[in-house]
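Please keep the structure open while going through the numbered points.

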Amino acid sequence: MFHDQADCGPLAGHMHTLAQHLDRFLRFEHADAMHEPERWRSALGGTLPEQGIGIERVLGEMGEFLIPAGSQIPNPACTAFITTGATSIGALATLAGAVAAPQRLGLTAFQHLEELSLDWIAEMFELPAGMKGLYSSGGSVANLVALGGARQWAMEQRGIDPARDGMRLPARIYATAASHHTIQRAAAVLGLGRAAVVLVDSDAMGRMRPDALRRQLRADAAGHVVRVAVVANAGTTSTGAIDLLRELGRAAREHGVWFHVDGAYGLPGMLDARVRPLYDGLELADSVVVDPHKWLGAPVGIGATFVRDRGILHRAFTQEASDYLEGACATDGACHSMDSLGIPYSDFGVELSAPCRGAVVWALIREIGREGLRERVCRHNSMARLVAERAAAHPQLELVQAPTLSICCFRFVSEAWPDSNTLNQRIHRALVHRGRNIPSTAVIDGKLAIRPCFIGARTEERHARALVDEVIEIGNGLLEERTKLPAVHALATLSGRI
Ligand SMILES: *Cc1c(COP(=O)(O)O)cnc(C)c1O
């Protein structure tokens, strides 16, 4: 008998109910959450419940009010930002971990998969030999962990332990305007300060210019600043551009500076033979980041950092000994899953309690294999190319930036509406409100572009075609409205005068 009334019993019946609600959601026949927000706001209750209502009624409320008012992100027609919904196995493996292994510590099969799946990622994306990984909640924390390693290494060269004593010297990190803003935040959290991030000049595609980097590294060599890391992008967030990894890596090496590659979005792109050469030089990286919750289709909450030596991460992030852990493990031969915490992942990063993300990544890769993922990446890259071809060929479209990976930035143009930014902003709003195709936007060299990023496992070529068609349709509709407007206006003035 439980003292509380929480149902901790069999799941199967409830899961069947939940699965039916979720399958209905995935048909995307429901209205958007903001269609009638009062309906779910009032139904989901505003006051703290004194008495519970029991699992079945909670599930009922979830099915009726919560799930249908969920997000557009798993919608296959949603190509906004760089995010997508989980595949079925990703969702199922997450649930399996939540029930069977709530923590990654201990000698369990789940922890075994933590290391195995990290090694699979390293092999699949051809990371430098011997690199070892760590999961965290996403690219933001993955970048923080990598740069924490870089800070540790750079300061240790000067005989200082920054994890213990803090930053005693001003530091610099070399990035570009196209780098993700989590780089600045990581610099802030690590005590370097956001201003420590120097934005090195980039070329027309948003790639760091190696000559500019060399100049900056040389200029800073003489001073007392600690050059902590060069941050290169393997797939920028706005356009998917890939930095010249070999040249940047060489420059970093020559100056003895840590070389970090942010591939949160774009690392899996290398599975596409058409762009594989752009990743040459990855072998020079000291740390690499990739987000399984982007192209791999994991549920949000899974990023990964890889470094050459996890010992550096251990020194950067280790915790002081805790009394409650002392003596909790066997000192000799483990023969029970609780005899050891296993690999001390919690000492390599910033999380202690953490879910078993490895089982999720293992399941995703096990389900479709490297070839399945390659097929997905190639399909999405081809879709961006298809959009680019249509944008280049159509008189009312302009290709703003040729795609490198699965992002294509294009816009609608017309002589009748010279302010293209406003026009495309209006087109974008209309797209979102209609809800048939939901891209985001990006401003590139002052040009506001429609920006689809194709990464969802459910997103197919027809979605790319439909998006281009709809942009043209909405653009022409707006032009028509505008040409009618002065007439209506003139009529109104006229009738006013009469
Ligand atoms: C998405 C992304 C990030 C941030 O990752 P989160 O998982 O959203 O925290 C960092 N860098 C790049 C290049 C990204 O695309």
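**Ligand site, aromatic pairs and selected loops**

1. Of the 15 residues around the ligand, those that come nearest are G139, S140, D262, D291 and K294; a residue counts as near a molecule if one of its heavy atoms lies within 4 Å of it. The model is a predicted one, in which local features need pLDDT of at least 70 and side-chain atom pairs count only at pLDDT 80 or more, while totals for chains, interfaces and linings use all residues. Residues are numbered from 1 along each chain as its sequence is written, and side-chain values use heavy atoms, with hydrogens and water left out.

2. Which helix contributes the largest share of the shell around the ligand? Helix α6 (residues 139-156) does, with three residues; helices here are DSSP runs of H or I with at least four residues, strands are E runs of at least two, and both are numbered from the N terminus. By class, the shell has three nonpolar, nine polar and three charged residues. In this scheme Ala, Val, Leu, Ile, Met, Phe, Trp, Tyr, Cys and Pro count as nonpolar, Asp, Glu, Lys and Arg as charged, and the others, Gly among them, as polar.

3. D262 places a polar side-chain atom 2.7 Å from a ligand nitrogen atom. For D291, a side-chain N or O atom is 2.7 Å from an oxygen atom of the ligand, and for H293 a polar side-chain atom lies 2.8 Å from a ligand oxygen atom. The ligand taken alone exposes 380 Å², of which the protein buries 86%; accessible areas come from the Shrake-Rupley method with a 1.4 Å probe, and for residues only the protein chains shown count as cover.

4. The structure holds four aromatic pairs. Rings of Phe, Tyr and Trp (its six-membered ring) pair if their centres lie within 6.5 Å; planes under 30 degrees apart count as stacked, over 60 as edge-to-face and the rest as tilted. One of the pairs is Y265 with W295, which is stacked at 5.3 Å centre to centre and 25° between the planes. This pair links distant parts of the chain, 30 residues apart: Y265 is in the loop between β6 (258-262) and β7 (287-290), and W295 is in the loop between β7 and β8 (303-307).

5. Buried means under 20% relative accessible area, exposed over 50%, and partly exposed in between (1.4 Å probe, protein chains only). A further pair joins Y345 and F348, whose ring centres are 6.4 Å apart with planes at 90°, so this pair is edge-to-face. Y345 and F348 are both buried.

6. A charge and a ring also meet at W417: the charged end of R482 sits over the W417 ring, 4.3 Å from its centre. The criterion is NZ of Lys or CZ of Arg within 6 Å of the ring centre and within 35 degrees of the ring normal.

7. Two serines in loops may be checked together. S414 lies in the loop between β10 (409-412) and α13 (420-434), and counts as buried because its relative accessibility is 18%. Its side chain reaches the backbone nitrogen of A416 at 3.0 Å. S179 is in the loop between β3 (171-175) and α8 (182-189), where it counts as buried at 6% relative accessibility. The side chains of S179 and N233 are joined by a polar contact of 3.5 Å. Such a contact is a pair of N or O atoms within 3.5 Å; within protein, one must be able to donate a hydrogen and the other to accept it, and residues adjacent in sequence count only if both atoms are side-chain atoms.

8. The loop between α5 (109-124) and β2 (132-136) contains P128, which counts as buried at 6% relative accessibility. P128 and V288 are 160 residues apart in sequence, yet 9.4 Å apart in space, C-alpha to C-alpha. E126 is found in the loop between α5 and β2 and has a positive phi, near 50°, in a residue other than glycine. With a relative accessible area of 40%, E126 is partly exposed.

9. F81 is also not a glycine, although its phi is positive at about 50°. Its place is the loop between β1 (78-79) and α4 (88-100), and it counts as exposed because its relative accessibility is 54%.
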